[in-house]
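Here are my notes for you on this structure.

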Amino acid sequence: MGEILTSAQMRAKEKRVMQAGEVTGLGLMERAGQGVLDETFREFPDLDKCKAHAVVLCGPGNNGGDGFVIARGLFERGWQVEVFFWGKAEKLSDDARQMHDAWAALGPIHSMTPQSAGQGERPTLLFDAMFGIGISRPIPIECALSFHAVCDRASGDKKVICIAVDCPSGVDVDTGATLLSDDPSRIKGDTDPRKIAERTDLCVTFHAPKLGHCLAQLGRHPVAVVDIGLDAEPADAVIPPDGVTHSIPPLAPETWLKEVTGLGRGGHKYTRGHALILAGGVGKGGAGRMAARAALRAGAGLVTLGVPSEALAENAAQLNAIMLTEISSAKDVSQALEDTRLSSVCLGPGLGVGIETRDRVLAVLQATASDGRRAVLDADALSSFADAPEVLFEACHENVVITPHEGEFARLFPDLAEKVRIPDPSKQGLGKVEATKLAAERLGATVLLKGEATVLADQRGASAIHSALYHRAVPWLGTAGAGDVLAGIIAGLTAHLMAATSAMIDLAAAAVWLHAQAARSFGPGLIAEDLPEQLPNVFRECGF
């Protein structure tokens with residue numbers, strides 16, 4: 001799978017490669033600047049047909065060095081180039097200083113102030129090379145105001161195309177948060193530093209995306225990744241617990257799905273596994289039925305819906321391929337799971353919040369703790385432990401996955417949630433990935449934290465992100481019951497006996513991808529019942 005790096009991991013990688021003598025800092029900077037230009041003209045091909053006007057804003061670090069390379073490249077193309085610099089040349093790194101001096105031999109370097117940056121004709125392109133991936137503090141207000149001053153120059157009628165070098169200035173790429181300025185009192189209207197990301201048309205980063213690129217939408221176009229000569233990691237079929245977060249999907253989803261899930265390998269209904277879905281009482285069975293149908297569509301050979309006795313008739317009237325059994329208590333759950341052919345259990349959707357649900361969860365976890373069978377806990381199965389999360393933590397094991405949305409996550413992990421959803425962006429938080437990893441460690445199982453950017457982590461330290469942003473956005477997936485379907489897909493995939501050696505995080509990741517892909521296959525107007533019915537189309541597209 002593709003790696004997603006923190007700023008520290010990226011810097012360590014650069015340092016290692018340079019220490020090995022495989023590349024120099026100057027070489028990396030030249031490739032980075034040229035890569036930004038290549039991606040800019042690839043994304044906006046009409047620009048290459050004209051000799052236009054650009055402004056480059058350069059900061060005091062190596063990001064500014066990349067900006068000086070960009071300015072030189074544009075100049076060599078025949079463009080009119082203005083360069084504004086924040087900082088002092090003598091304080092630049094040796095590499096950035098060389099790039100500074102190389103540009104100085106070609107054109108002037110203006111001090112970056114909003115007054116100077118706001119003069120002249122509005123440019124065609126504005127390159128934001130002020131602050132890159134390493135910043136985790138508020139940016140100088142002068143820099144933010146200068147950026148907006150260029151965009152809002154009075155002369156000229158064209159819209160400025162804004163290109164971010166590595167990331168929009170002021171974004172913490174480890175969390176995706178946009179930071180306040182060092183002087184909020186000077187912010188007026190759209191001059192907020194957090195608006196820099198909103199005005200960005202294209203962000204070009206290097207070697208690999210960073211966490212923030214996948215957790216938040218940082219511009220109007222997908223983030224472009226440029227190869228600058230660092231050693232590429234292999235695209236593994238599974239998510240390794242190597243401390244690096246990985247992206248979902250990998251480059252070849254069909255190969256990955258076959259490797260992880262066992263789909264497409266044949267077998268009979270029992271080798272494809274038997275999933276048990278526990279559902280609610282009278283009038284509350286819809287969520288469980290959707291989860292059950294999703295499990296069957298996802299490849300489980302058999303699916304049984306377990307409901308209280310009074311709900312049997314209601315469910316029998318609506319089920320055909322899905323079997324039905326009476327489960328009215330935790331004792332019934334334990335007795336049902338004495339049948340070892342039941343290979344996975346899903347509970348939570350529509351089950352109700354309370355002590356009865358808590359007891360059923362504990363019965364499932366006890367029955368599956370030592371025999372390798374899988375359990376999926378969602379919705380009410382999680383909220384039932386809000387007042388005693390430690391009871392759930394104690395009972396969980398490595399073959400469990402929980403699938404909370406942010407509210408359910410906060411009920412189980414209030415301390416972690418508080419550090420993720422911080423009201424003041426200028427303060428440091430954990431970030432969604434780190435919080436999910438800590439939650440998984442505490443739980444001793446896999447955590448799937450849902451959202452536009454869904455984050456997964458397991459007890460070994462493996463982590464992954466499915467980012468439904470930019471061209472992969474599926475806003476119509478925010479519909480009642482969609483989470484129940486996701487839980488069912490996980491149950492169906494984990495039931496498959498040929499997937500018994502796959503880690504829970506890999507199967508959950510496959511389910512997240514299939515869930516979103518099914519939503520894309522249907523399109524706007526989607527309701528949760530549509531999702532399982534789109535899975536056959538997705539499987540056909542993958543070559544099954």
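1. Ground rules. This is a predicted model, so to speak of local features a pLDDT of at least 70 is needed and side-chain atom pairs count only at pLDDT 80 or more, while totals for chains, interfaces and linings use all residues. Residues are numbered from 1 along each chain as its sequence is written, and side-chain values use heavy atoms, with hydrogens and water left out.

2. Helix α19 against α20. Helices here are DSSP runs (H or I, at least four residues) and strands likewise (E, at least two), numbered from the N terminus. Helix α19 (residues 482-495) packs on helix α20 (residues 504-522) at about 135°, with the axes 9 Å apart. Axes are lines fitted to C-alpha atoms, for helices over the stretch in contact, and angles run from 0 to 180 degrees between N-to-C directions. The pair is therefore oblique; angles under 35 degrees count as roughly parallel, over 145 as roughly antiparallel, 65 to 115 as roughly perpendicular and the rest as oblique. On the α19 side the contact includes Val-485, Leu-486 and Ile-489, and on the α20 side Leu-507, Ala-511 and His-515 are among the partners. Contact means heavy atoms within 4.5 Å. Ala, Val, Leu, Ile, Met, Phe, Trp, Tyr, Cys and Pro count as nonpolar, Asp, Glu, Lys and Arg as charged, and the others, Gly among them, as polar.

3. Helix α10 against α19. The axes of helix α10 (residues 286-297) and α19 come within 7 Å and cross at roughly 40°, so these two are oblique as well. Ala-287, Met-290, Ala-291, Ala-294 and Ala-295 of α10 meet a set in α19 that includes Asp-484, Gly-488 and Gly-492. The contact splits into 8 nonpolar, 2 polar and 1 charged.

4. Helix α20 against α21. Here α20 meets helix α21 (residues 530-541) at about 95°, axes 8 Å apart, which makes the two roughly perpendicular. Trp-513 and Phe-522 are among the α20 residues involved, and Leu-535 and Phe-539 among those of α21. The classes are 9 nonpolar, 5 polar and 1 charged.

5. The second largest pocket. How much space lies in the second largest pocket? About 650 Å³, and 26 residues line it, with Arg-11, Glu-14, Gly-61, Asn-62 and Asn-63 nearest its centre. (On a 1 Å grid over the protein atoms alone, a pocket is an open set of points where a 1.4 Å probe fits, with protein on both sides within 12 Å along at least five of seven lines; lining residues have an atom within 4 Å of a point.) Helix α1 (7-19) is one of the helices that each supply at least two lining residues, and α1 gives the most, with 5. The lining holds 12 nonpolar, 7 polar and 7 charged residues.

6. Ile-248 and Pro-249 are joined by a cis peptide bond, omega about 5°, and Pro-249 sits in the loop between β11 (245-248) and α9 (253-261). His-207 is not a glycine, yet its phi is positive, about 70°; this residue lies in the loop between β9 (202-206) and α8 (211-215).

7. Lys-437. This residue belongs to helix α18 (residues 432-443). Leaving aside neighbours within four places in sequence, Lys-437 contacts Gly-243, Ala-457, Gly-461 and Ser-463.

How values were computed. Grid points are joined across faces, edges and corners, and a volume is the space filled by probe spheres set on the points.
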